Amino acid sequence: MMWFLLSLLGAVILYVEAVRKGMPIKRWVFAGLMCGPGAWYLFNVHHRRAWLRSQVTKYCVWRA
């Protein structure tokens, strides 16, 4: 029962964040229902990588 409530809470939070950040809503609500609050980390990683891909590539990026 507790996991079900956490999953619903995760889905609601991811819905709000997906709307706010312009990410696909259905995908992240479903991930929130399946993974619960653990999907929050996946959402942040996906958003960060999408943001990095959208940046201009004229700058030099040094990677170790």
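1. In this predicted model, Trp 28, Trp 40 and Phe 43 make up one aromatic cluster. Two aromatic pairs are found in a search of the whole structure.

2. One of these pairs joins Trp 28 to Phe 43 in an edge-to-face arrangement, with 5.2 Å centre to centre and 90 degrees between the planes. Trp 28 belongs to helix H2 and Phe 43 to helix H3 (residues 39-54), so this pair ties together parts that are 15 residues apart in sequence.

3. Trp 28 has 6% relative accessibility and therefore counts as buried. Phe 43 is likewise buried, its relative accessible area being 0%.

4. Trp 40 and Phe 43 form a stacked pair, at 6.1 Å centre to centre and with 25 degrees between the planes. Both residues lie in helix H3, three residues apart, which is about one turn of the helix. Trp 40 is partly exposed, with a relative accessible area of 30%.

5. Turning to the helix packing, the axes of H1 (residues 2-21) and H2 (residues 25-35) come within 7 Å and cross at roughly 160 degrees. Because angles over 145 degrees count as roughly antiparallel, H1 is roughly antiparallel to H2. The crossing of H1 past H2 is right-handed.

6. Trp 28 also takes part in the contact between H1 and H2. On the H2 side, the residues in contact include Ile 25, Val 29 and Leu 33; on the H1 side, among them are Trp 3, Leu 14 and Tyr 15. By class, this contact has 13 nonpolar residues, three polar residues and no charged residues.

Key. Residues are numbered from 1 along each chain as its sequence is written. This is a predicted model: local features need pLDDT of at least 70, side-chain atom pairs count only at pLDDT 80 or more; totals for chains, interfaces and linings use all residues. Side-chain values use heavy atoms; hydrogens and water are left out. Axes are lines fitted to C-alpha atoms, for helices over the stretch in contact, and angles run from 0 to 180 degrees between N-to-C directions. Helices (H or I, at least four residues) and strands (E, at least two) are DSSP runs, numbered from the N terminus. Angles under 35 degrees count as roughly parallel, over 145 as roughly antiparallel, 65 to 115 as roughly perpendicular and the rest as oblique. A crossing is left-handed if the near helix is turned anticlockwise from the far one by less than a right angle, and right-handed if clockwise. Contact means heavy atoms within 4.5 Å. Ala, Val, Leu, Ile, Met, Phe, Trp, Tyr, Cys and Pro count as nonpolar, Asp, Glu, Lys and Arg as charged, and the others, Gly among them, as polar. Rings of Phe, Tyr and Trp (its six-membered ring) pair if their centres lie within 6.5 Å; planes under 30 degrees apart count as stacked, over 60 as edge-to-face and the rest as tilted. Buried means under 20% relative accessible area, exposed over 50%, partly exposed in between (1.4 Å probe, protein chains only).
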